[in-house]
Amino acid sequence: MSTSPVRCPQLIRDEMVERPGVPEAVQTVPNEIAIALLVAKIHSETEEIARDLTNPEEYGDVLDALFALARRNGVSIIDIQDARARKLADKGGFEQRLFWSPTSVMEPAA
């Protein structure tokens with residue numbers, strides 16, 4: 001994906017550097033704003049996965065934003081991993097490609 005000289009305002013990584021000759025400003029935002037921006041970042045990064053399903057960096061970006069959002073809300077990565085393991089044990093994963101819908105949606109109208 002090519003880098004555009006203009007970016008949409010967004011939350012950025014801590015070690016991003018300013019680009020010479022590009023008018024931009026970086027500021028620290030309050031926690032409540034950071035939380036909203038992390039949710040937006042997760043959506044944005046998920047869209048990037050949809051455009052390139054085989055790029056591991058995009059999956060990593062989603063996980064980084066998700067883990068940052070969890071930490072900002074007092075949820076540890078270990079708690080997330082434990083919850084995920086419990087769900088996998090209790091309900092399984094998504095390997096079988098099972099699709100659910102209410103039967104009323106699947107039945108033809110009378």
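Student: Why is Lys41 called buried?

Tutor: The relative accessible area of Lys41 is 19%, and buried means under 20%, with exposed over 50% and partly exposed in between (1.4 Å probe, protein chains only). Lys41 is therefore buried, because 19% falls under 20%. The model is predicted: local features need pLDDT of at least 70, side-chain atom pairs count only at pLDDT 80 or more, and totals for chains, interfaces and linings use all residues. Residues are numbered from 1 along each chain as its sequence is written, and side-chain values use heavy atoms, with hydrogens and water left out.

Student: What makes Lys41 and Glu45 a salt bridge?

Tutor: A salt bridge is a side-chain nitrogen of Lys or Arg within 4 Å of a carboxyl oxygen of Asp or Glu. The N to O distance between Lys41 and Glu45 is 3.6 Å, so the pair meets the criterion. Both residues lie in helix α1, four residues apart, and are therefore separated by about one helical turn. Glu45 is buried, with a relative accessible area of 5%.

Student: Which residues are linked in a network of salt bridges?

Tutor: The network links Arg13, Asp61 and Asp64. Arg13 meets Asp61 at 2.8 Å, N to O, and the closest N and O atoms of Asp64 and Arg13 are also 2.8 Å apart. Asp64 lies in helix α2 and Arg13 in the segment before α1, so this pair ties together parts that are 51 residues apart in sequence. The structure holds four salt bridges.

Student: How do you know how many helices and strands the protein has?

Tutor: Helices (H or I, at least four residues) and strands (E, at least two) are DSSP runs, numbered from the N terminus. On this basis the protein has four helices and zero strands, in the order α-α-α-α.

Student: What makes up the largest nonpolar core?

Tutor: A nonpolar core is a set of buried Ala, Val, Leu, Ile, Met, Phe, Trp, Tyr and Cys residues joined through side-chain atoms within 4.5 Å. Five residues make up the largest one: Leu38, Ile42, Ala65, Ala68 and Leu69. The elements giving two or more residues to this core are α1 (31-51) and α2 (56-72), and α2 supplies the largest share, three residues. Contact means heavy atoms within 4.5 Å; leaving aside residues up to four places away in sequence, Leu69 touches Ile35, Leu38, Val39 and Ile42. Of the 110 residues of the protein, 13% count as buried.

Student: Why is Val26 called exposed?

Tutor: The relative accessible area of Val26 is 56%, which is over 50%, so Val26 is exposed. Its place is in the segment before α1.

Student: How do you know what span is expected of helix α3?

Tutor: The expected span of a helix is 1.5 Å times one less than its number of residues. Helix α3 (residues 77-91) has 15 residues, and its reach of 21 Å from first C-alpha to last is close to the 21 Å expected. Just after α3, Gly92 takes a positive phi of about 80°.
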